[in-house]
Amino acid sequence: MSNRLFVAYKPEGTVCNHFLSRIKRRYGVKKAGFSGTLDPFAKGVLIVAFGSYTKLFRFLKKAPKRYRATLWIGAHSPSLDIEKIDRVEQMMPFHPDSIAIVLKSMIGRITYVPPKYSAKKIEGERAYDLARADKAFELKHITSEVFDCTLVHYAHPFLTFDITISEGGYVRSIGEMIARKLGFEGALSALERLSEGDFTYENERALAPLDYLDLPRNTYWGDPSDITLGRKLAVENFECRDEGVYALVIDEVLSIVQISANGVEYLLNSLSLKGVTC
């Protein structure tokens, strides 16, 4: 099976697993995976890998994430989006300065509760599945870092903004927080993920994994066959001996090792980088 890493564009109203099944059928592959689950309501960038490249997900630079969201100010929805809007409150338009102040106030570290209708897992089940089944559950507070939050367009009562946020952030909850700072309830009428780290949508173009690894490179001074054969490695044979996780590339073969007080451990070994298919 060919290995491949690329960015797909998930449409709105589709579960990620169903979207991945369509991709597998289209490309005729059996082993595939995705990273960075998008709620069914959301659309946009989804990182996909085929074959052995699915082992790379945890080592990729996928943050920060950038989204474009449209907030319907005055709309109430338990799902914090248009799926379950049950009432709408009318209000006068806001002054642009008020909106700018509120959006700027979101920048920094913020603590909040994720939406109950979200892809967050609760004891192995997605929160949105539990919520739709009317099962009782509680979500813990999380903290996210907002790096930027800017106005794109305001046509009352719809406010479109771009936000750059750390991994694991929930834009629907942040949209609700923005609406409450304006004095009203709010729900998102649209949500699009524009990028994850350096990952952007480019018509499913095949990507070179080394360009997206969130790891420093290291050099092994010992016999290269030690790595290709998976032998035990000595710390003194590495150029950098500091504790940490490193990428090693020998003859277009990638290995990832962790150096610690206990020695050297393989986290990934002998992954071929040859023959990236388009």
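How many helices and strands does the protein chain have? The chain has five helices and 15 strands. Helices (H or I, at least four residues) and strands (E, at least two) are DSSP runs, numbered from the N terminus. The model is predicted: local features need pLDDT of at least 70, side-chain atom pairs count only at pLDDT 80 or more, and totals for chains, interfaces and linings use all residues. Residues are numbered from 1 along each chain as its sequence is written, and side-chain values use heavy atoms, with hydrogens and water left out.

The C-alpha atoms fill a box of roughly 70 × 40 × 35 Å, taken along the principal axes. Of the 278 residues of the protein chain, 48% count as buried. Buried means under 20% relative accessible area, exposed over 50%, and partly exposed in between (1.4 Å probe, protein chains only). Contacts were taken as heavy atoms within 4.5 Å. Among contacts between residues at least 6 apart in sequence, 64% join residues at least 24 apart.

The largest nonpolar core has 44 residues. Such a core is a set of buried Ala, Val, Leu, Ile, Met, Phe, Trp, Tyr and Cys residues joined through side-chain atoms within 4.5 Å. Val48, Ile73, Phe161, Ile174 and Ile178 have the most contacts inside the largest core. Leaving aside residues up to four places away in sequence, Ile178 touches Leu71, Val102, Leu103, Met106, Cys149, Leu159 and Phe161. Another core, of 21 residues, lies apart from the largest one. Its members include Tyr53, Phe57, Ile256 and Leu273.

Asp162 is found in strand β11 (residues 158-165). Its relative accessible area is 8%, so Asp162 is buried. The side chain of Asp162 makes a polar contact with the side chain of Arg66, at 2.9 Å. A polar contact is a pair of N or O atoms within 3.5 Å; within protein, one must be able to donate a hydrogen and the other to accept it, and residues adjacent in sequence count only if both atoms are side-chain atoms. Beyond four places in sequence, the residues that Asp162 touches include Tyr67, Arg68, Asp148 and Leu194. Asn218 is placed in the loop between β12 and α5 (224-228). Asn218 also counts as buried, at 8% relative accessibility. A polar atom of the Asn218 side chain lies 2.9 Å from the backbone oxygen of Cys240. Among the residues that Asn218 touches beyond four places in sequence are Phe238, Tyr246, Leu248 and Ile259.

Strands β13 (residues 244-250) and β14 (residues 253-260) run antiparallel and are joined by seven bridges. Two strands pair if DSSP finds at least two bridges between them. Leu248 stands opposite Ser255 in β14. The hairpin of β13 and β14 has two residues between the strands, and Asp251 takes a positive phi near 55° there. Seven bridges also join β14 to strand β15 (residues 263-272), again antiparallel. Here Leu254 stands opposite Leu271 in β15. β14 and β15 form a hairpin with two residues between them.

Backbone geometry was then considered. Most residues other than glycine have a negative phi, and most peptide bonds are trans. A cis peptide bond joins Ala63 and Pro64, with omega about -5°. Pro64 is found in the loop between β3 (43-50) and β4. The bond from His156 to Pro157 is cis, with omega near 5°. Pro157 lies in the loop between β10 (142-155) and β11. Asn203 has a positive phi of about 55°, and Glu204 one of about 60°. Asn203 is exposed, at 64% relative accessibility, whereas Glu204 is buried, at 10%.

The largest pocket holds about 370 Å³ of space. Its lining has 21 residues, of which Thr37, Tyr67, Gly168, Gly169 and Tyr170 lie nearest its centre. β4 (65-73), α4 (171-181) and β12 (186-196) each give two or more residues to the lining. On a 1 Å grid over the protein atoms alone, a pocket is an open set of points with protein on both sides within 12 Å along at least five of seven lines, while a cavity is a set where a 1.4 Å probe fits but cannot get out; lining residues have an atom within 4 Å of a point. Grid points are joined across faces, edges and corners, and a volume is the space filled by probe spheres set on the points. The structure holds two cavities of 30 Å³ or more. The largest cavity has a volume of about 50 Å³, and its lining includes Asp39, Phe41, Tyr117, Arg132 and Arg172.
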